[in-house]
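Let's take a walk through this one together. Keep the sequence and the 3D view side by side as we go.

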Amino acid sequence: LNRSLAEFGTTIFAEMSQLAAETGSINLGQGFPDTDGPAEVLEAARRAIAEGRGNQYPPGPGVPELRRAIAGHQRAAYGLDYDPEREVLVTAGATEAIAAALLGLLEPGDEVIALEPYYDSYAACIAMAGARRVPVTLRPDGDRFALDLDELRAAVTGRTRLILLNTPHNPTGTVLPREQLAAIAELCAQRELYAVTDEVYEHLVFDGGAHIPLATFPGMRERTVSISSAGKTFSVTGWKVGWVCASPELTAAVRAAKQFLTYVSSGPFQYAVAEALALPAEYYASFTADLQAKRDLLAAALADAGFGVMRTQGTYFITADIRPLGLPGAEGADGEAFCRALPHRAGVVAIPSQVFYDHREQGAPYVRFAFCKRPEVLTEAAGRLKALA
Ligand code: PMP
Ligand code: GLN
(Lines give C-alpha, C1' and ligand atoms only; values in the text may rest on other atoms or scores of the structure.)
(Ligands and ions follow the chains in the order given, each with its own letter.)
Protein backbone atom coordinates (compact mmCIF):
# COMPACT_ATOMS: atom_id res chain seq x y z
CA LEU A 1 0.00 0.00 0.00
CA ASN A 2 1.36 3.41 -0.88
CA ARG A 3 2.56 5.54 1.99
CA SER A 4 0.06 8.36 1.58
CA LEU A 5 -2.87 5.93 2.00
CA ALA A 6 -1.48 3.58 4.64
CA GLU A 7 -2.56 5.73 7.58
CA PHE A 8 -6.23 5.57 6.61
CA GLY A 9 -6.89 1.82 6.93
CA THR A 10 -10.42 0.62 6.12
CA THR A 11 -13.19 3.20 6.07
CA ILE A 12 -15.20 3.17 9.29
CA PHE A 13 -18.43 2.82 7.30
CA ALA A 14 -17.46 -0.54 5.84
CA GLU A 15 -16.22 -1.74 9.21
CA MET A 16 -19.32 -0.73 11.18
CA SER A 17 -21.81 -1.91 8.54
CA GLN A 18 -20.12 -5.30 8.63
CA LEU A 19 -20.35 -5.35 12.42
CA ALA A 20 -24.07 -4.53 12.13
CA ALA A 21 -24.56 -7.45 9.73
CA GLU A 22 -22.55 -9.88 11.88
CA THR A 23 -24.40 -9.04 15.07
CA GLY A 24 -27.83 -8.51 13.51
CA SER A 25 -27.87 -5.00 14.95
CA ILE A 26 -29.89 -1.99 13.88
CA ASN A 27 -27.47 0.00 11.75
CA LEU A 28 -27.55 3.66 12.75
CA GLY A 29 -23.93 3.97 11.62
CA GLN A 30 -23.49 4.49 7.88
CA GLY A 31 -25.79 7.21 6.63
CA PHE A 32 -28.20 5.70 4.12
CA PRO A 33 -32.01 5.71 4.16
CA ASP A 34 -33.85 2.42 4.61
CA THR A 35 -36.57 3.40 2.16
CA ASP A 36 -35.77 4.02 -1.49
CA GLY A 37 -36.46 7.31 -3.25
CA PRO A 38 -39.76 8.45 -4.81
CA ALA A 39 -41.54 5.85 -6.98
CA GLU A 40 -41.51 8.12 -10.05
CA VAL A 41 -37.74 8.55 -9.78
CA LEU A 42 -37.18 4.79 -9.51
CA GLU A 43 -39.52 4.35 -12.48
CA ALA A 44 -37.54 6.93 -14.45
CA ALA A 45 -34.42 4.77 -14.08
CA ARG A 46 -36.29 1.66 -15.26
CA ARG A 47 -37.59 3.58 -18.25
CA ALA A 48 -34.14 4.90 -19.14
CA ILE A 49 -32.75 1.35 -19.17
CA ALA A 50 -35.70 -0.04 -21.15
CA GLU A 51 -35.46 2.75 -23.70
CA GLY A 52 -31.72 2.34 -24.10
CA ARG A 53 -30.77 5.69 -22.61
CA GLY A 54 -27.42 5.56 -20.84
CA ASN A 55 -26.72 1.84 -21.16
CA GLN A 56 -23.53 2.74 -23.03
CA TYR A 57 -20.93 5.31 -21.98
CA PRO A 58 -22.59 8.67 -21.44
CA PRO A 59 -20.74 11.84 -22.55
CA GLY A 60 -17.73 12.79 -20.38
CA PRO A 61 -19.29 15.87 -18.74
CA GLY A 62 -22.59 14.07 -18.13
CA VAL A 63 -25.76 13.73 -20.20
CA PRO A 64 -27.06 17.12 -21.41
CA GLU A 65 -30.50 16.52 -19.84
CA LEU A 66 -28.92 16.18 -16.40
CA ARG A 67 -26.52 19.10 -16.80
CA ARG A 68 -29.45 21.31 -17.77
CA ALA A 69 -31.47 20.03 -14.81
CA ILE A 70 -28.59 20.76 -12.40
CA ALA A 71 -28.22 24.29 -13.76
CA GLY A 72 -32.00 24.70 -13.43
CA HIS A 73 -31.86 23.56 -9.80
CA GLN A 74 -29.08 26.03 -8.93
CA ARG A 75 -31.09 28.84 -10.52
CA ALA A 76 -34.41 27.92 -8.90
CA ALA A 77 -33.03 27.14 -5.45
CA TYR A 78 -30.29 29.77 -5.12
CA GLY A 79 -30.48 32.23 -8.02
CA LEU A 80 -27.09 30.99 -9.28
CA ASP A 81 -26.62 30.82 -13.05
CA TYR A 82 -24.35 28.16 -14.51
CA ASP A 83 -23.85 27.34 -18.17
CA PRO A 84 -24.71 23.63 -18.50
CA GLU A 85 -22.16 23.29 -21.30
CA ARG A 86 -19.09 24.67 -19.57
CA GLU A 87 -19.89 25.05 -15.88
CA VAL A 88 -21.55 21.79 -14.86
CA LEU A 89 -19.88 18.40 -14.57
CA VAL A 90 -21.52 15.12 -13.57
CA THR A 91 -19.47 12.82 -11.32
CA ALA A 92 -19.67 9.40 -9.65
CA GLY A 93 -21.29 10.78 -6.51
CA ALA A 94 -20.02 13.70 -4.49
CA THR A 95 -17.17 11.43 -3.43
CA GLU A 96 -15.63 11.52 -6.89
CA ALA A 97 -16.34 15.23 -7.23
CA ILE A 98 -14.38 15.88 -4.03
CA ALA A 99 -11.51 13.66 -5.15
CA ALA A 100 -11.35 15.18 -8.62
CA ALA A 101 -11.59 18.74 -7.30
CA LEU A 102 -8.69 18.15 -4.93
CA LEU A 103 -6.60 16.26 -7.48
CA GLY A 104 -7.36 18.86 -10.14
CA LEU A 105 -6.59 21.94 -8.04
CA LEU A 106 -3.83 21.02 -5.60
CA GLU A 107 -0.08 20.98 -6.01
CA PRO A 108 2.11 18.86 -3.75
CA GLY A 109 2.81 20.82 -0.57
CA ASP A 110 -0.33 22.95 -0.78
CA GLU A 111 -2.38 23.27 2.37
CA VAL A 112 -6.12 22.61 2.59
CA ILE A 113 -8.20 23.87 5.47
CA ALA A 114 -11.13 21.66 6.45
CA LEU A 115 -13.51 21.80 9.38
CA GLU A 116 -12.80 18.99 11.82
CA PRO A 117 -14.47 16.54 12.49
CA TYR A 118 -14.60 15.78 8.78
CA TYR A 119 -16.05 13.27 6.40
CA ASP A 120 -13.43 10.57 6.04
CA SER A 121 -12.71 10.88 2.33
CA TYR A 122 -11.38 14.44 2.73
CA ALA A 123 -8.17 13.51 4.49
CA ALA A 124 -7.49 10.59 2.16
CA CYS A 125 -8.05 12.65 -1.01
CA ILE A 126 -5.92 15.53 0.25
CA ALA A 127 -3.17 12.98 0.91
CA MET A 128 -3.58 11.42 -2.55
CA ALA A 129 -3.09 14.88 -4.03
CA GLY A 130 0.19 15.20 -2.09
CA ALA A 131 -1.20 18.15 -0.13
CA ARG A 132 -1.42 18.77 3.60
CA ARG A 133 -4.61 19.02 5.62
CA VAL A 134 -4.99 21.74 8.21
CA PRO A 135 -7.94 20.98 10.47
CA VAL A 136 -9.93 23.73 12.14
CA THR A 137 -11.94 22.19 14.95
CA LEU A 138 -15.66 22.78 15.42
CA ARG A 139 -16.02 23.08 19.18
CA PRO A 140 -18.96 22.30 21.43
CA ASP A 141 -20.70 25.56 22.24
CA GLY A 142 -23.77 24.96 24.36
CA ASP A 143 -25.79 22.29 22.60
CA ARG A 144 -24.20 22.62 19.16
CA PHE A 145 -20.80 22.54 17.49
CA ALA A 146 -19.56 25.92 16.32
CA LEU A 147 -16.80 27.35 14.16
CA ASP A 148 -14.46 29.93 15.68
CA LEU A 149 -13.72 32.35 12.84
CA ASP A 150 -10.51 33.55 14.47
CA GLU A 151 -9.20 29.99 14.50
CA LEU A 152 -10.09 29.71 10.84
CA ARG A 153 -8.33 32.97 9.97
CA ALA A 154 -5.26 31.92 11.95
CA ALA A 155 -5.05 28.66 10.01
CA VAL A 156 -4.46 30.40 6.68
CA THR A 157 -0.81 30.53 5.61
CA GLY A 158 1.04 31.44 2.44
CA ARG A 159 0.64 27.81 1.34
CA THR A 160 -3.11 27.58 1.79
CA ARG A 161 -4.67 26.83 -1.55
CA LEU A 162 -8.25 26.17 -0.65
CA ILE A 163 -10.88 25.78 2.03
CA LEU A 164 -12.90 22.58 1.89
CA LEU A 165 -16.21 23.50 3.45
CA ASN A 166 -19.08 21.21 4.37
CA THR A 167 -22.38 22.70 5.46
CA PRO A 168 -24.79 21.22 6.55
CA HIS A 169 -21.97 19.47 8.33
CA ASN A 170 -21.40 15.73 8.65
CA PRO A 171 -20.98 14.45 11.39
CA THR A 172 -21.95 17.31 13.73
CA GLY A 173 -25.24 18.40 12.11
CA THR A 174 -24.13 22.02 12.33
CA VAL A 175 -25.31 24.50 9.69
CA LEU A 176 -22.99 27.49 9.36
CA PRO A 177 -24.87 30.76 9.81
CA ARG A 178 -24.99 33.41 7.10
CA GLU A 179 -22.64 35.79 8.95
CA GLN A 180 -19.95 33.12 9.19
CA LEU A 181 -20.32 32.20 5.53
CA ALA A 182 -19.97 35.87 4.64
CA ALA A 183 -16.79 36.06 6.73
CA ILE A 184 -15.40 32.93 5.05
CA ALA A 185 -16.15 34.46 1.65
CA GLU A 186 -14.28 37.60 2.64
CA LEU A 187 -11.34 35.55 3.86
CA CYS A 188 -11.20 33.65 0.55
CA ALA A 189 -11.18 36.92 -1.38
CA GLN A 190 -8.55 38.57 0.84
CA ARG A 191 -6.18 35.60 0.83
CA GLU A 192 -6.98 34.52 -2.73
CA LEU A 193 -8.19 31.06 -1.77
CA TYR A 194 -10.44 28.70 -3.65
CA ALA A 195 -13.37 27.08 -1.91
CA VAL A 196 -14.58 23.54 -2.50
CA THR A 197 -18.01 23.21 -0.94
CA ASP A 198 -19.59 19.87 -0.08
CA GLU A 199 -23.31 20.57 -0.12
CA VAL A 200 -24.73 17.04 -0.25
CA TYR A 201 -27.13 17.82 2.63
CA GLU A 202 -28.39 21.02 0.99
CA HIS A 203 -32.03 19.90 1.27
CA LEU A 204 -31.70 18.72 4.85
CA VAL A 205 -31.76 21.94 6.83
CA PHE A 206 -34.35 21.82 9.59
CA ASP A 207 -36.49 24.13 11.72
CA GLY A 208 -37.32 26.44 8.84
CA GLY A 209 -33.69 27.24 8.01
CA ALA A 210 -32.31 27.25 4.49
CA HIS A 211 -29.03 26.19 2.93
CA ILE A 212 -26.92 29.10 1.68
CA PRO A 213 -24.27 28.14 -0.88
CA LEU A 214 -20.93 29.91 -0.43
CA ALA A 215 -21.01 30.66 -4.17
CA THR A 216 -23.87 33.13 -3.57
CA PHE A 217 -21.59 35.56 -1.70
CA PRO A 218 -19.91 38.42 -3.58
CA GLY A 219 -16.95 37.27 -5.64
CA MET A 220 -17.37 33.62 -4.62
CA ARG A 221 -19.02 32.21 -7.71
CA GLU A 222 -15.71 32.45 -9.57
CA ARG A 223 -13.67 30.94 -6.69
CA THR A 224 -15.93 28.11 -5.64
CA VAL A 225 -16.30 24.53 -6.76
CA SER A 226 -19.82 23.66 -5.54
CA ILE A 227 -20.44 19.96 -5.06
CA SER A 228 -23.63 18.06 -4.42
CA SER A 229 -25.26 14.77 -5.29
CA ALA A 230 -28.56 12.97 -5.69
CA GLY A 231 -27.91 10.32 -3.04
CA LYS A 232 -29.33 12.15 -0.03
CA THR A 233 -31.83 14.45 -1.71
CA PHE A 234 -33.63 11.64 -3.55
CA SER A 235 -32.83 8.75 -1.18
CA VAL A 236 -30.80 6.81 -3.75
CA THR A 237 -27.32 6.64 -2.21
CA GLY A 238 -26.40 3.61 -4.34
CA TRP A 239 -26.87 5.44 -7.62
CA LYS A 240 -23.79 7.60 -7.11
CA VAL A 241 -24.80 10.53 -9.26
CA GLY A 242 -23.02 13.69 -8.14
CA TRP A 243 -22.05 16.98 -9.71
CA VAL A 244 -19.86 20.03 -9.73
CA CYS A 245 -20.88 23.60 -10.57
CA ALA A 246 -18.05 26.08 -11.06
CA SER A 247 -16.51 28.59 -13.47
CA PRO A 248 -15.36 27.16 -16.83
CA GLU A 249 -11.71 27.17 -15.65
CA LEU A 250 -12.41 25.39 -12.38
CA THR A 251 -14.81 22.93 -14.01
CA ALA A 252 -12.12 22.10 -16.57
CA ALA A 253 -9.59 21.51 -13.77
CA VAL A 254 -11.94 19.09 -12.00
CA ARG A 255 -12.75 17.36 -15.25
CA ALA A 256 -9.06 16.93 -16.07
CA ALA A 257 -8.78 14.66 -13.02
CA LYS A 258 -12.25 13.10 -13.24
CA GLN A 259 -11.73 11.80 -16.79
CA PHE A 260 -9.01 9.47 -15.51
CA LEU A 261 -10.79 8.35 -12.34
CA THR A 262 -14.05 6.89 -13.67
CA TYR A 263 -14.27 8.67 -17.03
CA VAL A 264 -18.08 8.37 -16.75
CA SER A 265 -20.62 6.53 -14.60
CA SER A 266 -24.28 5.82 -13.83
CA GLY A 267 -25.64 6.23 -17.39
CA PRO A 268 -29.38 5.48 -16.91
CA PHE A 269 -29.38 6.96 -13.42
CA GLN A 270 -28.24 10.28 -14.86
CA TYR A 271 -31.49 10.47 -16.85
CA ALA A 272 -33.50 9.49 -13.79
CA VAL A 273 -31.85 12.17 -11.65
CA ALA A 274 -32.57 14.74 -14.36
CA GLU A 275 -36.26 13.87 -13.88
CA ALA A 276 -35.90 13.92 -10.09
CA LEU A 277 -34.51 17.46 -10.19
CA ALA A 278 -37.70 18.50 -11.94
CA LEU A 279 -39.87 17.44 -8.98
CA PRO A 280 -41.93 20.34 -7.63
CA ALA A 281 -40.91 22.37 -4.56
CA GLU A 282 -43.41 20.39 -2.45
CA TYR A 283 -41.19 17.34 -2.82
CA TYR A 284 -38.29 19.04 -1.06
CA ALA A 285 -40.56 20.45 1.65
CA SER A 286 -42.04 17.07 2.51
CA PHE A 287 -38.64 15.37 2.30
CA THR A 288 -37.16 17.84 4.80
CA ALA A 289 -40.20 17.58 7.09
CA ASP A 290 -39.98 13.78 7.06
CA LEU A 291 -36.31 13.79 8.09
CA GLN A 292 -36.93 16.49 10.69
CA ALA A 293 -39.58 14.29 12.33
CA LYS A 294 -37.09 11.40 12.35
CA ARG A 295 -34.46 13.65 13.91
CA ASP A 296 -36.93 14.60 16.63
CA LEU A 297 -37.82 10.98 17.28
CA LEU A 298 -34.20 9.87 17.67
CA ALA A 299 -33.12 12.97 19.61
CA ALA A 300 -35.87 12.37 22.17
CA ALA A 301 -34.97 8.69 22.40
CA LEU A 302 -31.28 9.42 22.95
CA ALA A 303 -32.06 11.98 25.63
CA ASP A 304 -34.43 9.51 27.26
CA ALA A 305 -31.69 6.86 27.24
CA GLY A 306 -29.37 9.25 29.09
CA PHE A 307 -27.10 10.58 26.33
CA GLY A 308 -26.15 14.23 26.03
CA VAL A 309 -27.77 15.21 22.73
CA MET A 310 -26.17 17.86 20.54
CA ARG A 311 -28.53 19.88 18.38
CA THR A 312 -28.79 18.82 14.76
CA GLN A 313 -29.62 21.69 12.43
CA GLY A 314 -29.16 19.66 9.26
CA THR A 315 -27.94 16.32 7.74
CA TYR A 316 -28.87 12.72 8.60
CA PHE A 317 -27.00 12.67 11.91
CA ILE A 318 -27.16 13.34 15.63
CA THR A 319 -24.01 13.61 17.70
CA ALA A 320 -24.46 12.28 21.21
CA ASP A 321 -22.20 12.68 24.24
CA ILE A 322 -21.77 9.36 26.04
CA ARG A 323 -20.38 10.78 29.29
CA PRO A 324 -23.77 11.45 30.93
CA LEU A 325 -24.55 7.71 30.64
CA GLY A 326 -22.02 7.16 33.41
CA LEU A 327 -20.85 3.80 32.10
CA PRO A 328 -17.78 2.39 33.85
CA GLY A 329 -14.33 2.05 32.26
CA ALA A 330 -13.36 2.94 28.70
CA GLU A 331 -16.95 2.63 27.50
CA GLY A 332 -17.90 5.58 29.66
CA ALA A 333 -15.86 8.23 27.88
CA ASP A 334 -14.27 6.67 24.80
CA GLY A 335 -16.64 6.63 21.85
CA GLU A 336 -14.63 4.01 20.02
CA ALA A 337 -14.79 1.51 22.89
CA PHE A 338 -18.46 2.39 23.34
CA CYS A 339 -19.30 1.80 19.64
CA ARG A 340 -17.43 -1.50 19.54
CA ALA A 341 -19.38 -2.74 22.56
CA LEU A 342 -22.77 -1.29 21.63
CA PRO A 343 -23.82 -3.92 19.05
CA HIS A 344 -23.17 -6.66 21.61
CA ARG A 345 -24.71 -4.81 24.54
CA ALA A 346 -27.73 -3.29 22.81
CA GLY A 347 -27.93 -4.48 19.20
CA VAL A 348 -27.37 -0.99 17.78
CA VAL A 349 -24.52 0.33 15.64
CA ALA A 350 -23.25 3.92 15.80
CA ILE A 351 -20.07 5.61 14.57
CA PRO A 352 -17.41 6.90 16.99
CA SER A 353 -16.93 10.58 16.11
CA GLN A 354 -13.22 10.48 16.87
CA VAL A 355 -12.51 8.76 13.55
CA PHE A 356 -13.44 12.07 11.89
CA TYR A 357 -10.82 14.03 13.86
CA ASP A 358 -7.08 14.57 13.60
CA HIS A 359 -7.21 15.77 17.20
CA ARG A 360 -8.84 12.53 18.26
CA GLU A 361 -9.14 13.51 21.91
CA GLN A 362 -11.57 16.26 20.85
CA GLY A 363 -13.99 13.67 19.52
CA ALA A 364 -13.50 10.97 22.16
CA PRO A 365 -16.79 11.36 24.09
CA TYR A 366 -19.00 11.68 21.01
CA VAL A 367 -20.77 9.13 18.86
CA ARG A 368 -22.79 9.69 15.70
CA PHE A 369 -26.23 8.16 15.13
CA ALA A 370 -28.01 8.26 11.74
CA PHE A 371 -31.75 8.92 11.87
CA CYS A 372 -32.55 8.39 8.16
CA LYS A 373 -34.50 5.24 9.05
CA ARG A 374 -38.18 4.26 9.24
CA PRO A 375 -39.91 5.42 12.44
CA GLU A 376 -40.50 1.84 13.60
CA VAL A 377 -36.78 1.14 13.26
CA LEU A 378 -35.90 4.25 15.26
CA THR A 379 -38.47 3.29 17.90
CA GLU A 380 -37.02 -0.21 18.17
CA ALA A 381 -33.51 1.27 18.48
CA ALA A 382 -34.79 3.66 21.14
CA GLY A 383 -36.07 0.76 23.24
CA ARG A 384 -32.76 -1.05 22.95
CA LEU A 385 -30.75 2.03 23.89
CA LYS A 386 -32.97 2.76 26.85
CA ALA A 387 -31.94 -0.60 28.31
CA LEU A 388 -28.34 0.63 28.42
CA ALA A 389 -28.78 3.00 31.32
N1 PMP B 1 -19.87 14.37 1.58
C2 PMP B 1 -20.48 14.14 2.76
C3 PMP B 1 -20.40 15.16 3.82
C4 PMP B 1 -21.16 12.95 2.96
O5 PMP B 1 -21.75 12.71 4.12
C6 PMP B 1 -21.19 11.99 1.92
C7 PMP B 1 -21.80 10.67 2.17
N8 PMP B 1 -22.96 10.50 1.65
C9 PMP B 1 -20.58 12.29 0.71
C10 PMP B 1 -19.91 13.48 0.58
C11 PMP B 1 -20.57 11.35 -0.44
O12 PMP B 1 -21.65 11.51 -1.29
P13 PMP B 1 -21.93 10.50 -2.48
O14 PMP B 1 -22.61 9.32 -1.90
O15 PMP B 1 -22.78 11.27 -3.43
O16 PMP B 1 -20.62 10.13 -3.09
N1 GLN C 1 -22.08 9.71 3.89
C2 GLN C 1 -22.47 8.54 4.63
C3 GLN C 1 -22.01 8.67 6.05
O4 GLN C 1 -21.34 9.61 6.44
C5 GLN C 1 -21.95 7.27 3.99
C6 GLN C 1 -20.55 7.33 3.61
C7 GLN C 1 -19.93 6.09 3.04
O8 GLN C 1 -20.48 5.02 3.08
N9 GLN C 1 -18.76 6.26 2.52
O10 GLN C 1 -22.35 7.81 6.82
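This is a predicted model: local features need pLDDT of at least 70, side-chain atom pairs count only at pLDDT 80 or more; totals for chains, interfaces and linings use all residues.

Residues are numbered from 1 along each chain as its sequence is written, chains are lettered from A and ligands numbered from 1 in the order in which they are written.

Domain 1 is made of two stretches, 3-30 and 282-386, and domain 2 covers 39-279; the bounds come from an automatic or database domain assignment. Between the C-alpha centres of the two there are 24 Å. Helices (H or I, at least four residues) and strands (E, at least two) are DSSP runs, numbered from the N terminus.

Now follow S12 into its sheet. Four strands line up as S11-S12-S15-S14 in an open, antiparallel sheet, with pairing taken to need at least two DSSP bridges between two strands. At the edges sit S11 (308-309) and S14 (351-352), each pairing on one side only. S12 and S15 (residues 366-370) are joined by 5 bridges, and in S15 the bridge partner of Ala 320 is Val 367.

Next, pick out strand S7 (residues 160-166). Is it buried or exposed? 7 of its 7 residues are buried, so S7 is largely enclosed by the rest of the structure. A residue counts as buried if 20 or more other C-beta atoms lie within 10 Å of its own, as exposed if 12 or fewer do, and as partly exposed in between, with C-beta atoms placed from the backbone. S7 pairs in the parallel sense with S3 (residues 111-116) over 4 bridges, where Val 112 has Leu 162 as its bridge partner. S7 also runs parallel to S8 (residues 194-198), joined to it by 5 bridges, and Asn 166 stands opposite Asp 198.

What about the ligands? Around ligand 1 there are 14 residues, of which Gly 93, Ala 94, Thr 95, Asn 170 and Ser 229 come nearest; a residue is near a molecule if its C-beta atom, placed from the backbone, lies within 6 Å of it. Helix H5 (residues 93-105) gives the most to this shell, 3 residues. Its classes come out as 3 nonpolar, 9 polar and 2 charged. Ligand 2 has Thr 11, Phe 13, Gln 30, Gly 31 and Asn 170 around it, a shell of 1 nonpolar, 4 polar and no charged residues.

Finally, look at Gln 74 in helix H4 (residues 64-78). Gln 74 is buried, because 24 other C-beta atoms lie within 10 Å. Beyond its neighbours within four places in sequence, Gln 74 is in contact with Leu 80, Tyr 82 and Cys 245. Gln 74 and Cys 245 are 171 residues apart in sequence, yet 8.7 Å apart in space, C-alpha to C-alpha.

Definitions and conventions: Ala, Val, Leu, Ile, Met, Phe, Trp, Tyr, Cys and Pro count as nonpolar, Asp, Glu, Lys and Arg as charged, and the others, Gly among them, as polar. Two residues are in contact if their C-beta atoms, placed from the backbone, lie within 7 Å.
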